[in-house]
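Visitor: I have a model to look at and would like to go through it with you, step by step.

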Amino acid sequence: MSSQSIILLRHSLVACICAAAMQYSYAENVTSFESALAKVQSYQTQDKPWQQVQQISELNIQQSRLWQNPSISLEQSGFGSGQEQEFNVGVSQPLDLFGQRKLNRVIANTSNQQIQLQQQLWKAQSQLIVKFAWSQFALAEVEQSAYSVQLKTSKVNLDSAQKRYQAGSIALVDFERAQIEALEIQRLYQQAMLNKQAAGRQLSNLWGGETSSHLQLNKTAIPWPEQSLQTVQRYIAEGWLEKFYALNIQQSDHQIENLRIQARPNPTLNVGMKRSKTPNESNDTTLAIGVAIPLNIFNRQQYAIPMVQQQQILLNQQQQRELKQQILDIANSMHQLKGLRSQFDATTAQVTLATKVQSRTLLGFQAGKLSITDVQQATTQLQNLRLGQLQTLRQAWQTALAAEALSIGTSYEEISRSDAYTQLNKKAVEASQNLINGGAR
């Protein structure tokens, strides 16, 4: 390779190293998960979806207090002047002797409690979505920093190989090996830089699609999911899922009670007035009061009620199994996270030792006591250890976020979707639609 090509390669390496220090030197100031979460909440709450759902829920409660509408009937017979004429007017009002309105109010209040719990779960899940996006950017930052350090090491190796080659101490093929290594590290660094930019855009999209946000994390702190255990314990202590499941059972109880009310003969009060007029112009007015009682002879909900009761048993069993499995999965995840921390600490010690080995190997090469192959082996070993440490960190975040997701009744796959926040907002729309459908009965 010509001296001009060597100079270009060296300048390219220097430019990449400088880019590592200068990247994201503009615009917004987001330095932590808390600042990212505050920015997302400030943007996302502009739509206020759950305030609208709460308003619908309150209207649903008011709707449940209304009586059934009465019906009026009008009838006229005899239209000729020489005919006997008769005019009937009647009003029918369904009575509520068995507590249908009271049950409707109870059902509406239960739905309102479910909305409040859903809102709390929605808030926790939204925070988890932001935490996932932030963790991906933090991990991309760690990856780029690792390759940035490796890039500096590769530059020093290349400079040392060039000096040895110019002095005639090593062959051209050894110098070319150092060049190949430097080019590969440069490629990997650029790829890591692109990954970081993509993760930054994914995070900034949560607060309105800004792509020029200043995302500058604290590089001195290891982005380990330290607070996941406390977060999981807090979510479990809140008992949101247990409360939500209990409300599901209450809804099933209400459905059974509603069927029992339908099985009873709820009467309808009829009040009417009949006015008769004979050809001799004499009038006769009669007031009539009656009660219409349905005969529940054939359909007494004798099969529908046991069906719902059996469904309730299955629902309760399924919910209990889900809760038990969630607790077991969370415990396994926390145990795995503890083991990953031990692996991460062990790898940290290996990286420290490998860094010393690489530095001493380079000194031995510069002194002419070791070959370029020894330097490359030590450099590759250091790189593999750093990548292994990064992989452990990625696995730790996935394990921690999966446990947090389970503790609020969702999954890692749900919070890690690119459209996770859009899908989450759909839950508010679905909740409002369920209220409207329930109130329209």
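Visitor: How many bridges join β1 to strand β2?

Guide: This is a predicted model, in which local features need pLDDT of at least 70, side-chain atom pairs count only at pLDDT 80 or more, and totals for chains, interfaces and linings use all residues. Residues are numbered from 1 along each chain as its sequence is written, and side-chain values use heavy atoms, with hydrogens and water left out. Strands here are DSSP runs (E, at least two residues), numbered from the N terminus, and two of them pair if DSSP finds at least two bridges between them. β1 and β2, the latter covering residues 85-94, run antiparallel, and the number of bridges joining them is seven.

Visitor: Which strands stand at the edges of the sheet?

Guide: The open sheet has four strands in the order β1-β2-β3-β4, with antiparallel pairing. An edge strand has a single partner, so one side of it is left without a neighbour in the sheet, and this holds for β1 (71-77) and β4 (283-292).

Visitor: Is Ser252 buried or exposed?

Guide: Ser252 lies in helix α7, which spans residues 240-263 (a helix is a DSSP run of H or I, at least four residues). Buried means under 20% relative accessible area, exposed over 50%, and partly exposed in between, with a 1.4 Å probe and protein chains only. Because its relative accessible area is 8%, Ser252 is buried.

Visitor: Which residues is Ser252 in contact with, leaving aside its neighbours within four places in sequence?

Guide: Contact means heavy atoms within 4.5 Å. With those sequence neighbours left aside, the contacts of Ser252 are Val308 and Gln312.
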